[in-house]
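Okay, thanks for making the time, everyone. Let me put the structure up and then walk you through the packing, the holes and the charged pairs.

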Amino acid sequence: MGHVLKAPVFATQSFIEAIRRSGVGVDSELQGYLDQAQGKLWEMTRRLQGLSTINALDKIEGEWVRISVQGMLSEIYAVHHGEAEVRSVYLFVEPPKQDVFLKAQPEKLDKLFENLFYNALRATPPNGSITVSAQTENGKIRVTVADTGCGIPKEELPFIFQRFYVGANNKGNGTGLGLYIVHGIVTELGGTISVSSIVGKGTKFVMEFPQA
């Protein structure tokens with residue numbers, strides 16, 4: 001369905017651009033309607049991008065394997081510290097003192113932390129920090145991703161894991177699927193995820209997974 005809908009959506013975009021370029025008969029009222037059409041078209045494009053993301057995730061069929069949590073955090077640092085450095089954001093990882101293991105499909109686990117990292121990076125100003133830490137507690141593995149970014153308004157917190165929900169800070173550039181996918185992967189791994197946030201101070205996601 002996502003593939004089939006791309007053609008009419010992009011065709012509509014072309015028509016809108018053609019009308020704007022010609023300028024013939026485009027008064028202020030029509031310009032207003034074009035702006036509204038453009039806004040609705042962006043919403044459709046955003047959701048199509050989301051469908052493509054979900055399709056790609058559904059195609060991951062790799063085996064479930066035991067994954068070292070210490071190794072997982074080391075890989076997160078290796079993959080993402082360069083991007084953080086370019087943005088003048090400090091990336092810290094704090095692995096557990098004694099290694100533990102969880103069972104997962106590695107590619108989905110990569111997607112989970114990729115989404116959390118990029119959300120944190122977008123929200124965190126220069127000289128801020130992102131910290132990924134892990135510890136064991138009551139036989140479970142607790143993994144925390146915390147940033148010192150702009151934070152999430154209290155009234156938005158109950159909705160952030162809903163599909164296609166875009167908060168005020170991401171209007172115009174979010175697909176509303178990053179945290180929905182994160183929640184889905186955590187649940188698939190038999191885990192739970194919670195969030196706490198203070199506007200202007202940062203956000204913390206806490207995930208708990210069963211040990212392998």
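Predicted model: local features only at pLDDT ≥ 70, side-chain atom pairs only at ≥ 80, totals over all residues.

Residues are numbered from 1 along each chain as its sequence is written, and side-chain values use heavy atoms, with hydrogens and water left out.

So, cavities. The search runs on a 1 Å grid over the protein atoms alone: a cavity is a set of points where a 1.4 Å probe fits but cannot get out, and a lining residue has an atom within 4 Å of a point. Points are joined across faces, edges and corners, and the volume is the space filled by probe spheres set on them. How many cavities of 30 Å³ or more does that give? Two.

The largest cavity holds about 40 Å³ of space. Around it sit I76, F113, F117, I130, V132 and V145. Helix 4 (106-123) and strand 4 (129-137) are the elements giving two or more residues to that lining; helices here are DSSP runs of H or I with at least four residues, strands are E runs of at least two, and both are numbered from the N terminus. By class, the lining of the largest cavity has six nonpolar residues, no polar ones and no charged ones.

The second largest cavity comes in at about 30 Å³. Its lining is W64, A104, Q105, K108, L109, I185, E188 and L189, and the elements with two or more residues there are helix 4 and helix 5 (178-188).

The rule for a salt bridge is a side-chain nitrogen of Lys or Arg within 4 Å of a carboxyl oxygen of Asp or Glu. E188 is in helix 5 and K108 in helix 4, 80 residues apart, and the pair links distant parts of the chain. Is K108 buried or exposed? Buried, with a relative accessible area of 12%, whereas E188 is partly exposed at 38%. The cut-offs, with a 1.4 Å probe and protein chains only, are under 20% for buried, over 50% for exposed, and partly exposed in between.

Across the whole structure there are four salt bridges. Another one joins R142 and E208, at 2.7 Å, N to O. R142 lies in strand 5 and E208 in strand 7, so this pair ties together parts that are 66 residues apart in sequence. R142 is partly exposed, with a relative accessible area of 24%, and E137, R142 and E208 are linked in a network of salt bridges. Then there's D35 with R20, at 3.1 Å, N to O: D35 is in helix 2 (residues 28-58) and R20 in helix 1 (residues 2-22), 15 residues apart. Both ends are partly exposed, D35 at 43% and R20 at 30%.

Now the core, meaning a set of buried Ala, Val, Leu, Ile, Met, Phe, Trp, Tyr and Cys residues joined through side-chain atoms within 4.5 Å. The largest one has 41 residues, and M72, L109, L112, F113, V143, M207 and F209 have the most contacts inside it. Which element gives the most to this core? Helix 4, with seven residues. Take L112: leaving aside neighbours within four places in sequence, L112 is in contact (heavy atoms within 4.5 Å) with V182, I185, V186, M207 and F209. Apart from that core lies another, of five residues, among them V9, I16, L34 and L41.

Last stop, a pocket, which is an open set of points with protein on both sides within 12 Å along at least five of seven lines. The second largest pocket has a volume of about 210 Å³. Of its 13 lining residues, M72, E75, I76, L109 and D110 are the closest to the centre. Helix 3 gives the most to that lining, with six residues, and the classes divide into seven nonpolar, three polar and three charged.

Conventions:
Nonpolar A, V, L, I, M, F, W, Y, C, P; charged D, E, K, R; others polar.
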